[in-house]
Amino acid sequence: MPATLPADKRLKILDAAIRKQQNRPDALIAVLHKAQELFGFLDTPVLWHVARALRLPPSRVYGTATFYHLFSLKPRGEHSCVVCMGTACFVKGAQKLVDAVGDLGGITAGQTTPDGKVSLLVARCLGACGIAPAVVLDGTTVGTITPDQLTARVKEWTHGS
Ligand code: FES
């Protein structure tokens, strides 16, 4: 059984939103939206809380939260580095990019550095195959990037720029 949530103001607001939806299971997406707005991301205690409140199996709630890209199950860092792992980028060495940023920050794909500065994420084809390997740095697509160039960019973030 996952840990329960701290009984703070955010939880009261979430519970009020759930009551407003009359605890209807079909309000799941709306409730997850509200939860993410309040907590920033949807970790296991939040998901279990929602499941209990809506009388849904946790597997269903977890499945919905992971299906929609707009929901995040982990805290997001101040900066994000999304490495494309689609075929064209993979062939051009995308894994080396993931490894380089991962080594630099001591994280693996899907994680955020402990200081909250950088989230390292992977995606399928970003639609920029012509400039593979492609990454998206804080929303800006950058192509034909090498591991050294990428780590230099990420270092700028981690050194308080
Ligand atoms: S495979 Fe990376 S942009 Fe298409």
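Trainee: Which residues does V61 touch, not counting residues up to four places away in sequence?

Mentor: First, this is a predicted model, where local features need pLDDT of at least 70, side-chain atom pairs count only at pLDDT 80 or more, and totals for chains, interfaces and linings use all residues. A contact means heavy atoms within 4.5 Å. Leaving aside residues up to four places away in sequence, V61 touches L28, L32, L47, V50, A51 and L56.

Trainee: Is V61 buried or exposed?

Mentor: Buried means under 20% relative accessible area, exposed means over 50%, and partly exposed is in between (1.4 Å probe, protein chains only). V61 has a relative accessible area of 0%, so this residue is buried.

Trainee: How many Å apart in space are V61 and L28, C-alpha to C-alpha?

Mentor: Along the sequence, V61 and L28 are 33 residues apart. In space, their C-alpha to C-alpha distance is 7.5 Å.

Trainee: At what angle do helix α3 and helix α4 pack?

Mentor: Helices are DSSP runs (H or I, at least four residues), numbered from the N terminus. Axes are lines fitted to C-alpha atoms over the stretch in contact, and angles run from 0 to 180 degrees between N-to-C directions. For α3 (residues 44–54) and α4 (residues 58–67), the axes are 9 Å apart and the angle is about 125°.

Trainee: Which word describes how α3 lies to α4?

Mentor: Under 35 degrees counts as roughly parallel, over 145 as roughly antiparallel, 65 to 115 as roughly perpendicular, and the rest as oblique. The angle here is about 125°. Therefore α3 is, to α4, oblique.

Trainee: Which residues of α3 and α4 make the contact?

Mentor: Helix α4 brings P58, V61, Y62 and A65. On the side of α3, the residues are L47, W48, V50 and A51.

Trainee: Is R55 buried or exposed?

Mentor: R55 lies in the loop between α3 and α4. Its phi is near 55°, a positive value in a residue other than glycine. Most residues other than glycine have a negative phi. With a relative accessible area of 64%, R55 is exposed.

Trainee: Where does Q22 lie?

Mentor: Q22 also has a phi near 55°, positive in a residue other than glycine. At 59% relative accessibility, Q22 counts as exposed. Q22 is found in the loop between α1 (9–20) and α2 (28–39).

Terms used
Residues numbered from 1 in each chain as written. Heavy atoms only, no water. Helix = DSSP H or I, 4+ residues; strand = E, 2+ residues; numbered from the N terminus.
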